[in-house]
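Dear colleague,

I am handing over the structure below, and my notes on its cores, salt bridges and pockets follow it. Please read them with the sequence at hand.

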Amino acid sequence: MKFVYCPHCGQKAIEKEIGDEGVIAYCDNCQIPLWDFFTTCVICAVVNEQNEIVLLRQNYVSTESYVCVAGVMKVGESAEETVIREIEEEIGLHVESIKYVKSYPYLKKDMLMLGYRAVVKKKELVLSKEVDSAQWFSFAEATDQLREGSIAWQLVHTVIDEAQRNS
């Protein structure tokens, strides 16, 4: 999000050079820089003990490709707490362990996606109302279900490659 008006006083922002940061929005009245900001989210490659990964269909995201479990961090919540909450909410599984993988800027929606691998025991999926369908895919099948080059595709590739190196 880019500021046009100061969120503190409502005055129209000006453009001002701020040191090494370059020209950014600035409130002359409050004497503060108004840094662009983004929404922080998690995206999770949820894997089980059988080298399978669960992928979702969420028609509001894509009607053509599967996606990974993902969600917005709530105020006061750590990224790890968000991973656990989103997996439990969206597919009804208990997370046994998580590992941070990589961050992915998602410029199209002004988001920063924090990528995680989450390990769960394979059980029946219990879907939330925001998930249209979900299923387990073998590592060999998983990436073909995702939009090539997408953040989910990149994360799943990384997680599968790491699992194969460690086996």
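Ile-43 touches, leaving aside residues up to four places away in sequence, Cys-68, Val-69, Ala-70, Met-113, Leu-114, Gly-115, Tyr-116, Ile-151, Ala-152 and Leu-155, where a contact means heavy atoms within 4.5 Å. This is a predicted model, in which local features need pLDDT of at least 70 and side-chain atom pairs count only at pLDDT 80 or more, whereas totals for chains, interfaces and linings use all residues. Residues are numbered from 1 along each chain as its sequence is written, and side-chain values use heavy atoms, with hydrogens and water left out.

Ile-43 is also among the residues with the most contacts inside the largest nonpolar core, together with Ile-53, Leu-55, Ala-142 and Val-156, and that core has 21 residues. A nonpolar core here is a set of buried Ala, Val, Leu, Ile, Met, Phe, Trp, Tyr and Cys residues joined through side-chain atoms within 4.5 Å; buried means under 20% relative accessible area, exposed over 50%, and partly exposed in between, with a 1.4 Å probe and protein chains only. At least two residues of this core come from each of β4, β5 (52-57), β8, α2 (139-142) and α3, and α3 gives the most, with 6 residues. Helices (H or I, at least four residues) and strands (E, at least two) are DSSP runs, numbered from the N terminus. Another core, of 20 residues, lies apart from it and includes Cys-44, Ala-118, Val-120 and Val-131.

The structure holds 6 salt bridges, each being a side-chain nitrogen of Lys or Arg within 4 Å of a carboxyl oxygen of Asp or Glu. Arg-85 pairs with Glu-86 at 2.9 Å, N to O, and with Glu-89 at 3.3 Å, N to O. Arg-85 and Glu-89 are 4 residues apart in helix α1, so about one helical turn separates them. Arg-85 is buried, with a relative accessible area of 15%, whereas Glu-89 is partly exposed, at 38%. Lys-99 and Glu-162 form a further salt bridge (2.8 Å, N to O), which links distant parts of the chain, since Lys-99 lies in strand β7 and Glu-162 in helix α3, 63 residues apart. Salt bridges that share partners join Glu-77, Arg-85, Glu-86 and Glu-89 into one network.

By class, the lining of the largest pocket has 15 nonpolar, 6 polar and 8 charged residues; Ala, Val, Leu, Ile, Met, Phe, Trp, Tyr, Cys and Pro count as nonpolar, Asp, Glu, Lys and Arg as charged, and the others, Gly among them, as polar. A pocket is an open set of points on a 1 Å grid over the protein atoms alone, where a 1.4 Å probe fits, with protein on both sides within 12 Å along at least five of seven lines, and lining residues have an atom within 4 Å of a point.

With best regards
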